[in-house]
Amino acid sequence: MRNNSEVTRYVIKIQGTVQGVGFRPYVYNRAIDLNLKGKVFNSSEGVVIDVEGPYENLAKFLETLKKNPPPLARIESVEFKELPLFNYPSFFIVESREEDGKKALIPPDVGICEECKRDILNEKDRRYMYPFTNCTNCGPRFTIVTSIPYDREKTSMKKFRMCEECEREYHDPEDRRFHAQPICCRKCGPKLWVVDRGGNLVAGENEWLHFVWEVLKKGKIVAIKSLGGFHLACNAKDEEAIRNLRLRKRRPRKPLAVMCRDLDTVRKYCFLNEEEEALLLSSYAPIVVLRKRPDFSLPDNLSPGISTLGVMLPYTPLHVLLFLGPFDTLVMTSGNVSELPIVIDNEKALEELSQICDFFVLHDRDIVNRCDDSVVKIVDGKIGFFRLSRGYVPKPISLPLSSFLPILAIGGEMKNNFCVVKENRAFMSQYIGEIDTEEGKWNLLSSVQNFLRLLNLEPEVIALDSHPGYLSSEVALSIPAKMYVKCQHHHAHMTSCMAENGIVEDVIGVVLDGTGYGEDGNFWGFEILKGNYSSYERVFHLAYCPLPGGEIAIKEPWRMATSYLYFFLREEGIFYGEEIFGRERVRPIVEIIEKNFNSPLTCGCGRFFDAVSAILGICEKSTYEGQAAIELGELVSEAHKKNVETDDFYPYEIREEVILPEKTILAIIKDKEKGLSPYLISLKFHNTIIQIVKECVEKASRRFGINKVVFSGGTFHNEYILIKLKRLLSSNGYEVYTHEKVPTNDGGIALGQAMIALSKI
Ligand code: ZN
Ligand code: ZN
Ligand code: FE
């Protein structure tokens, strides 16, 4: 037995996210508390502590590190060994060498911490009311970094020279702001001001808050420069202001996110469970999609026709100050023009957003990396990403395989995130959004370049979608590499879900999606696949149907409905089509299809939903992506509210590898004619999809002897389908895996592309 007071020396190696998160000062302070001597330093793999002192204190020290690390640290492993005594005179922090810093990962942005909140609300504090307050535990990171290693010189805080007091805090290991790179105060840091549309100064640092409150009260729309881009803000209780914002932004129905003062405010409008609460309060500070309460009292035009609302809490000091005024809820939507990238600089804001906003809250801390708010939802107790971005990225994901060449996977064309693989870790980028414009393309390229610089990496292999016309592919091919790997869209969906779940065996992939380019040149999207990272087989798919007029049929679901009716039910279908949509609309569509004019074939699950949604008269024209399917899905939640429940489903056929929807569509029309409620029809349609997939999975499983099933694709944002299908398959003995680390929509496919490329190396 060792004597508790015997002086002992340990060298402790800690791996994980332990750099740039205040780990060394934390270690320093614990060591001082316990009267230990030695040193702490960053290494290429993490943090190393060389420490000596009474055995008993060393044991306590180790336990504290493991059990209560600093808030932002994520410890993956702790190793230690005993060495002969060195007799250190004191405990000290060794400054990092540039080389070590280059290997460390840039941390994500962090929502304001409680202590900083206290500082800005404390009249006696020197940072009272200062909107750029931050510390080692919170503040901007990824969005302000230009290159590595992560220190002030490599951030947009470079131009602000620390004042004496900030300098002292920065160098004091006992201060909360020790080595906080963006440290600043009113004396030395960024400034804020407000201008009108013409760029004229209307309020300075001391008046800005009251000014903004006053104009918001009058129903004005204000652009506010935030962490990763501009927000467009207006009073969330002012229906007229919201209508105005929608009109000016040309966004008639797409849900708008709000920011609430605190949890109590959120509870007034939405249901909130423990997980959702924790997520709202977390350092990630995402937009959390919550269920509205039945007595929801905010204007309906915030998220019309939808039973949920995207909510976030103030995540910068500027936001906290904003909510000291008369508002407890503000609309805070991305500051961009329709589908273009979110605006990040002052001049661009005035140029692009002046048609939308009345006033602009500007500041002089530049945003280096554009980064939208993340959007998440808790489904069945687990996190699901609609949008993976601020607070999470760069997001490391451990892979089940390792690559000896660095890989860049460019992602898809819509809802883009890209991904970089270094050995056995993937790093997901922020949300890039739509690439199908020149601006989008440029945004992707510059974001890729920045990201690679931050990871200190040059890709040797680049993965891209196999679609011949994607602008994202043009971007991918413009970046030099040794090897380019084209990936089938749905194969990438499948492998993405495999990768994040650490699966290496063959799986059955259920990919229910909008549309993606298939090997036969058609647009796939309702796929039951079998395979692994290197190859796949298409086992079942929905029958093809023309997309009359191409893209426009996606935006106008009534066209898709007409196509379904005519293509699968012929004369009978035309009859119903004319009854529902009118002869003058239906005939030209039939003609387009008959002449095979710009009518590519598709079997997207999303298109099937679109057709049914339009047939039922729920959504004939879509004003945002997925609207028809989302609104059809909403009927299911409505049904549950009304206690309508059924396991009934419509008939369908599976002939060889093709799922035939003729009988389904006919039965839906008959139900509609009988006057069955749309809730029930929607429920039965959802059940049909579930039933079809179940049968396909069973058949594929029997044929190939595979038991693992992965779900991917945008349709799995549909909670009813996700939960019910998962339960059904699980209770029948299948191992079902879903997305929790990357989006199930196209935002997640870059990870899958990277794995496909990895398997080809
Ligand atoms: Zn803080
Ligand atoms: Zn200062
Ligand atoms: Fe997709």
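## Strand 19 and a zinc site

Alanine 463 has valine 485, in strand 20, as its bridge partner. This is a predicted model, in which local features need pLDDT of at least 70 and side-chain atom pairs count only at pLDDT 80 or more, while totals for chains, interfaces and linings use all residues. Residues are numbered from 1 along each chain as its sequence is written, chains are lettered from A and ligands numbered from 1 in the order in which they are written, and side-chain values use heavy atoms, with hydrogens and water left out.

Helices (H or I, at least four residues) and strands (E, at least two) are DSSP runs, numbered from the N terminus, and two strands pair if DSSP finds at least two bridges between them.

| Partner of strand 19 | Sense | Bridges |
|---|---|---|
| Strand 17 (residues 395-409) | parallel | three |
| Strand 20 (residues 483-487) | parallel | five |

Isoleucine 407 has valine 461, in strand 19, as its bridge partner. Five of the five residues of strand 19 (residues 461-465) are buried, where buried means under 20% relative accessible area with a 1.4 Å probe and protein chains only; Val461, Ala463 and Asp465 point one way, and Ile462 and Leu464 the other way.

The zinc ion (ligand 2) is coordinated at 2.3 Å by the SG atoms of Cys163, Cys166, Cys185 and Cys188, donors being N, O and S atoms within 2.8 Å of the metal (3.2 Å for Na, K and Ca). In sequence these donor residues are spaced C-x2-C-x18-C-x2-C, and both cysteine 185 and cysteine 188 are buried.

Terms used: Buried < 20%, exposed > 50% of the residue type's maximum accessible area, 1.4 Å probe, protein only.
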